[in-house]
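Have the sequence and the 3D view ready.

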Amino acid sequence: MNAPHSAEAPYTQRTLWTETDRDGEHVCTLDQTMLPHAVRTLRLSTLDEAAHAIRTMQVRGAPLIGVTAAYGVALAMRQDAGDAALEAAVARLAATRPTAVNLAWALARMRKRLTPLHPAQRADAAWREAAAIADEDAAQCRRIGAHGLTLLRALTPAGRRLNLMTHCNAGALATVAHGTALAPIYAAQAAGIDLHVWVSETRPRNQGLLTAWELKQRGVPHTVLADNAAGLLLAQGRVDAVLVGADRIAANGDVANKVGTYLKALAARAAAIPFYVAAPASTIDFGCPDGGAIPIEERDGDEVRLIGGTAECDAPAGNRDSDAAGHNNAHVDAPAATHANRPGDMGECAHGKACDGRVTARILPADAAVANPAFDITPAAYITALITERGVCPASAAGLGGLYRDTSDTPNTPDTPDNPDRKQP
């Protein structure tokens with residue numbers, strides 16, 4: 001069991017851990033929809049809760065989605081370990097997010113491990129297999145950091161700070177530990193390299209704010225920038241390299257990542273700036289020939305029509321209970337803004353201090369036509385190199401083949417003997 005996070009040092013522990021109480025063993029993680037404004041533990045005890053957490057992005061990041069799905073199957077097996085229940089659990093979780101291949105990979109691995117077993121054996125075996133997947137993810141991300149560090153050492157300019165750019169969040173929050181694209185940054189910091197990170201905000205989900213939160217916890221110098229400012233900084237030579245994660249890598253090296261990644265790759269190419277993608281082998285889909293075959297998730301249009309955050313409370317100290325529910329709404333009384341909480345959820349308003357309550361504001365009419373693709377495809381030609389747990393390679397079929405030799409030599413076949421992180425139950 002891993003200790004839960006604290007607000008003081010959340011980055012020193014795993015993003016996902018287990019806890020046991022009188023009701024049994026539960027899966028715990030951080031509710032990422034609350035970050036960066038509040039650190040809240042999310043406890044998952046059922047299949048439904050695991051599926052909801054993935055679908056609503058309380059849990060996000062391709063590797064962490066896969067691990068959570070594996071534990072979701074394990075939770076389901078504790079209620080009903082029959083064949084029909086196993087298939088229903090896999091189907092339920094598979095339908096939550098279509099683009100991140102780690103989800104399908106983890107579910108296929110769980111099915112392969114559990115199907116031959118008698119139902120009476122499945123609950124314990126499922127829990128052990130999910131734990132093994134979590135351990136492997138942490139080990140693989142640590143090795144991604146070590147391989148990426150070699151690249152960053154070579155890029156570090158003499159006499160000045162190394163400037164890197166990220167997009168979305170591919171840190172510890174997106175994995176069990178260490179992260180993918182942020183793992184080399186953390187390794188470089190530990191090695192004493194003076195560096196600074198330009199953090200793209202990544203609208204409409206603003207997941208770059210999670211990166212900023214992580215970097216602040218680690219003491220890594222960073223600056224948040226509007227997504228549209230990235231091209232200017234690259235053209236001005238203020239960035240030494242772009243480092244991003246991935247949700248799926250096709251067999252030819254094309255990469256699906258959070259929408260906006262492709263634009264940064266184009267700008268980096270025009271400015272002759274290296275563009276690196278970091279991901280574990282579970283993100284590589286050898287069954288997908290190229291980026292055109294990767295399904296792109298289209299999310300709810302309200303993610304674009306609405307914008308969320310916290311409110312600054314300027315209400316008088318004596319006016320804290322002004323509405324029928326006992327919550328002061330003086331600072332959000334405009335019709336375009338609504339509070340998402342009540343006292344006890346995230347704290348009441350205090351005079352002259354930031355309100356911890358989340359606020360949602362409408363920036364487009366409810367009937368405005370909106371396109372909200374969650375991902376885009378960066379062609380392999382715009383990627384300088386892929387950073388995996390097995391090393392650095394060109395973004396190409398030949399490059400991937402050099403690391404993994406063939407499609408049977410990857411974690412997508414979980415019993416591969418030469419996978420050093422494989423822990424048999």
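Helix 9 lies across strand 9 and strand 15, and runs at about 30° to strand 15. Angles here run from 0 to 180 degrees between N-to-C directions, with axes being lines fitted to C-alpha atoms, for helices over the stretch in contact. This is a predicted model, where local features need pLDDT of at least 70 and side-chain atom pairs count only at pLDDT 80 or more, while totals for chains, interfaces and linings use all residues. Residues are numbered from 1 along each chain as its sequence is written, and side-chain values use heavy atoms, with hydrogens and water left out.

Q: What makes something a helix or a strand here, and how many of each are in the protein chain?
A: Both are DSSP runs numbered from the N terminus: helices are H or I with at least four residues, strands are E with at least two. On that basis the protein chain has eleven helices and 17 strands.

Q: Why does Ala265 count as buried?
A: Buried means under 20% relative accessible area, exposed means over 50%, and partly exposed is in between (1.4 Å probe, protein chains only). Ala265 has 0% relative accessibility, so it counts as buried. You'll find Ala265 in helix 9 (residues 261–270).

Q: Which residues is Ala265 in contact with, leaving aside its neighbours within four places in sequence?
A: Contact means heavy atoms within 4.5 Å. Ala265 is in contact with Phe275, Thr378 and Tyr382. As for Gly231, 34 residues apart from Ala265 along the chain, the two C-alpha atoms are separated by 9.5 Å.

Q: How many of the residues in the protein chain are buried?
A: Of its 425 residues, 54% are buried.

Q: What makes strand 9 and strand 15 a pair?
A: Two strands pair if DSSP finds at least two bridges between them. Four bridges join strand 9 to strand 15 (residues 375–378), and the two run antiparallel. One example is Asn257, whose bridge partner in strand 15 is Asp376.

Q: How do you know that strand 8 and strand 9 are joined too?
A: Two bridges join strand 8 (residues 248–250) to strand 9 (residues 255–258), running antiparallel. In strand 9, Ala256 is the bridge partner of Arg248. Their hairpin has four residues between the strands, and Gly253 takes a positive phi near 100° there.

Q: What makes strand 11 and strand 15 edge strands?
A: They belong to an open sheet of four strands in the order 11-8-9-15, with mixed pairing. Strand 11 (284–285) and strand 15 each pair on one side only.

Q: What is the order of the open sheet with seven strands?
A: That order is 6-5-4-7-10-16-17, and the pairing is mixed. Its edge strands, each pairing on one side only, are strand 6 (222–225) and strand 17 (391–393). From one strand to the next, the twist averages 25°.

Q: In which sense do strand 4 and strand 5 pair, parallel or antiparallel?
A: Parallel: strand 4 (residues 162–166) and strand 5 (residues 195–200) pair in that sense over five bridges. Asn163 stands opposite His196 in strand 5. Helix 7 (residues 208–218) lies across strand 4, strand 5 and strand 6, at about 155° to strand 5.

Q: Why is strand 2 called largely enclosed?
A: Five of the seven residues of strand 2 (residues 24–30) are buried, so the rest of the structure largely encloses it. Strand 1 (residues 16–21) pairs with strand 2 in the antiparallel sense over six bridges, and a hairpin joins the two through two residues. Strand 2 also pairs with strand 3 (residues 41–44), again antiparallel, over four bridges.

Q: Why is helix 1 called roughly antiparallel to helix 2?
A: The axes of helix 1 (residues 47–55) and helix 2 (residues 62–79) come within 8 Å and cross at roughly 165°. That makes the two helices roughly antiparallel, because angles over 145 degrees count as roughly antiparallel, under 35 as roughly parallel, 65 to 115 as roughly perpendicular and the rest as oblique.
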